[in-house]
Amino acid sequence: GDADSGSLEQFRLSLISAARRYRRYPPQAMERGWQGRVEVRLEIGAEGQIRSASVRTSSGYAILDQQAIEMITRGKTLAHIPPALRGRQFTVDVPVIFDLRSG
């Protein structure tokens, strides 16, 4: 229902902002000018734990994909799960952008 999509969006935004703290642009990717967008799919279990973290859409560079997964899984420890989603299993897709101009 609507409450669900609102809560999911809330969680997604919370996750994105938490993940920013763990953002590291891999030096190897910087040196080579690699950039891209990764979409990470996170499956959250009923107890609030990560059941799986996978790349839904690859940036084309394994190193950036890996970094995105690490950022999101670490960000998850800080992100707040909205009450409407607690005790439930759900999936959220989170974009991570690697852009050399913004670092």
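**Asking why: salt bridges, rings and a sheet**

Guide: There are six salt bridges in this structure, and the model is a predicted one.

Visitor: What makes arginine 56 and glutamate 39 a salt bridge?

Guide: Their closest N and O atoms are 3.5 Å apart. The cut-off is 4 Å between a side-chain nitrogen of Lys or Arg and a carboxyl oxygen of Asp or Glu, so the pair counts. Arginine 56 sits in strand 2 and glutamate 39 in strand 1, so parts that are 17 residues apart in sequence get tied together.

Visitor: How do you know which of the two is buried and which is partly exposed?

Guide: Buried means under 20% relative accessible area, so glutamate 39, at 14%, is buried. Arginine 56 has 47%, which falls between 20% and 50%, so the label is partly exposed.

Visitor: What about aspartate 93 and arginine 56: why is that called a salt bridge?

Guide: The closest N and O atoms are 3.2 Å apart, which is within 4 Å, so the pair qualifies. Aspartate 93 is in strand 3 and arginine 56 in strand 2, 37 residues apart, and the pair links these distant parts of the chain. Aspartate 93 has a relative accessible area of 13%, under the 20% limit, so this residue is buried. There's a network here too: salt bridges link Glu39, Arg41, Arg56 and Asp93.

Visitor: Why do arginine 51 and glutamate 43 count as a salt bridge?

Guide: N to O comes out at 3.9 Å, and that is within the 4 Å cut-off, so they count. Both residues are partly exposed: arginine 51 has a relative accessible area of 47%, and glutamate 43 has 28%.

Visitor: On to the rings. Why is the pair of phenylalanine 11 and phenylalanine 90 called edge-to-face?

Guide: The ring centres lie 5.5 Å apart, within the 6.5 Å limit, so the rings pair. Their planes stand at 85°, and anything over 60 degrees is edge-to-face, so that's the label. Phenylalanine 11 belongs to helix 1 and phenylalanine 90 to strand 3, so the pair joins parts that are 79 residues apart in sequence. Phenylalanine 11 is buried at 0% relative accessible area, and phenylalanine 90 is buried at 8%.

Visitor: What makes tyrosine 25 and phenylalanine 98 an edge-to-face pair?

Guide: Centres at 5.4 Å are within 6.5 Å and planes at 80° are over 60 degrees, so the pair is edge-to-face. Tyrosine 25 lies in the loop between helix 1 and helix 2 (27-32), with phenylalanine 98 in strand 3, 73 residues away. Both tyrosine 25 and phenylalanine 98 are buried. Phenylalanine 98 is also one of the residues touching the most other members of the largest nonpolar core, together with Phe11, Leu15 and Ile72.

Visitor: How do you know that strand 1 pairs with strand 3 and with strand 2?

Guide: Two strands pair when there are at least two bridges between them; strand 1 has nine with strand 3, so they pair. Strand 1 and strand 2 share six bridges, so they pair as well. For instance, isoleucine 44 has phenylalanine 90 in strand 3 as its bridge partner, while valine 40 has valine 55 in strand 2.

Key
Residues are numbered from 1 along each chain as its sequence is written. This is a predicted model: local features need pLDDT of at least 70, side-chain atom pairs count only at pLDDT 80 or more; totals for chains, interfaces and linings use all residues. Side-chain values use heavy atoms; hydrogens and water are left out. Helices (H or I, at least four residues) and strands (E, at least two) are DSSP runs, numbered from the N terminus. A nonpolar core is a set of buried Ala, Val, Leu, Ile, Met, Phe, Trp, Tyr and Cys residues joined through side-chain atoms within 4.5 Å. Buried means under 20% relative accessible area, exposed over 50%, partly exposed in between (1.4 Å probe, protein chains only). Rings of Phe, Tyr and Trp (its six-membered ring) pair if their centres lie within 6.5 Å; planes under 30 degrees apart count as stacked, over 60 as edge-to-face and the rest as tilted.
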